[in-house]
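Hi,

Here is the structure I said I would pass on. Have a look at it first, and then read my notes below.

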Amino acid sequence: MTTQGSPARGNNLDPWYHHYADRTSGLAASEVRALFAVASRPEVVSLAGGMPYVSALPPELVTAAMERAMTDHGPTALQYGSGQGSPALREQILEVMALEGISGSVDDVVVTTGSQHALELVAKLFLDPGDVVIAEGPSYVTALVVFRSFQAEVAHVAMDDLGMIPQSLRETIARLREQGRRLKFLYTIPSFQNPAGVTLSWERRMEILEIARENDILVVEDNPYGLLYFDAPPPQAMRSVDDEGVIYLGTFSKTLAPGLRVGWALAPHAIREKLVLANEAAVLSPSSFTQTVISQYLAVADWKAQIDTFRGVYRERRDAMLAALGERLPGLEWTVPTGGFYVWLTLPENLDSKAMLPRAVKELVAYTPGTAFYGDGGGRNKMRLSFCYPSPEFIREGIRRLANVIDGELELLGEFSQTGPLQVRRERGVMTPPANIG
Ligand SMILES: Cc1ncc(COP(=O)(O)O)c(C=O)c1O
């Protein structure tokens, strides 16, 4: 609606269109969002979302923690709290991080509203328009959204099945320096990466820390999945050997429940001050209530046994997905995660996973197209498959449907290509090793 006297005001869809800050241009809704609304219907097998299977958490454990929070700590649980988070919970967070080799001071832990909020705060502290964040390619979609919302660019570094490739990191840094770009930090998800499912080896963790030190680049280590390993624990956290150059992000979302919205940052001391101020500016204090509930849960419940239960559930689902892929899509490549929630699938070169999604949803299966995980249009013939939420039976059915969609797409391409269907048919009967996903 444009009224006389205010010619620049908005457009038909949004009267405030011209008023938004420049930084909101990065906040465009994903093109596949509407499809995902359809994909949440029960008849669709969704391999798209990264929702933890919270039904594996006995509700009585949470109810008991809530009751104790109210009866023993009611007035503090219902009150504003510290902008840094509850001291009791911060002590307990140190115990959780100790499982991954981290020792830190309770003073350097900042509790946030999920680790997503910690990411937002770190971005707010460090990013000016035009800055560059280095990240794995592919990387966590909502981290990319945050970086973009601060008008920063993401430079992706290639990975293989041992995680980020140090030589590619060196080359990326050299190229960006040559271009005179301002590098602010390296964002990495070293264990059971989202979306690739791969884990950075110990040697590479050390090498990457060394490269970061040499180049004066801060490392942001995001580790929501490290405790959800299937057989052996992943290498210890990068923060376990570097308390000056690493901001570590953790969360209770995957080991307890995301609905509680509690995560944290363990930051070098100087940065911690600023993080607390930024946290206060954003939320005054993180939720006292859910912090108290988690604190009670950790004090009384056998939380390590509960993490074991989650591991068992996700291991079974991972196995179901890998077996179904082997059976239905031999000839394609995928990663083999040893923990976490995700498999990264590579389609034949000529397929476009985003273009194929409407057809997949019509066939009642959904996935996340690879381009969502790149800031530069990469990942066209890739997709992320999540095995965390659907039952093994649904996963098998989902992969069966997906294989039909891929076959249909290849046939269609074959019909329209000059070379004919045989040229584009994927090879059958060959089981490939874990993929290089660079
Ligand atoms: C890599 C990564 N970082 C951060 C988050 C955010 O988690 P939360 O805000 O629930 O702690 C997620 C959620 O899926 C994630 O996969």
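Let me start with what lines the ligand site. Helix H4, residues 114-126, gives the most to the shell around the ligand, with three residues. In total, 13 residues surround the ligand, and the closest are Gly 114, Ser 115, Gln 116, Thr 251 and Ser 253. Sorted by class, that shell has eight polar residues, four nonpolar and one charged. Please keep in mind that this is a predicted model.

Now the overall picture. The protein chain comes to 13 helices and 14 strands. Its C-alpha atoms fill a box of roughly 70 × 60 × 50 Å along the principal axes.

Eight strands make an open sheet with mixed pairing, in the order S2-S9-S8-S7-S6-S3-S4-S5. Strands S2 (109-112) and S5 (163-164) stand at the edges with a single partner strand each, so one side of each has no neighbour in the sheet. Further in, strand S8 (residues 246-251) pairs with strand S9 (residues 263-266) in the antiparallel sense, over four bridges. To find that pairing on screen, pick Leu 249: its bridge partner in S9 is Ala 265. Helix H8, residues 269-283, lies across S2, S8 and S9, and it runs at about 20° to S2.

Then there are the domains. Where they meet, 25 residues of domain 1 are in contact with 26 residues of domain 2. Which elements give two or more residues to the domain 1 side of that contact? They are helix H10 (303-328) and strand S11 (342-346). H10 gives the most to that side, with six residues. By class, the domain 1 side divides into 11 nonpolar, nine polar and five charged residues.

Cheers

Methods: Residues are numbered from 1 along each chain as its sequence is written. This is a predicted model: local features need pLDDT of at least 70, side-chain atom pairs count only at pLDDT 80 or more; totals for chains, interfaces and linings use all residues. Two strands pair if DSSP finds at least two bridges between them. Two residues are in contact if their C-beta atoms, placed from the backbone, lie within 7 Å. Axes are lines fitted to C-alpha atoms, for helices over the stretch in contact, and angles run from 0 to 180 degrees between N-to-C directions. A residue is near a molecule or strand if its C-beta atom, placed from the backbone, lies within 6 Å of it. Ala, Val, Leu, Ile, Met, Phe, Trp, Tyr, Cys and Pro count as nonpolar, Asp, Glu, Lys and Arg as charged, and the others, Gly among them, as polar.
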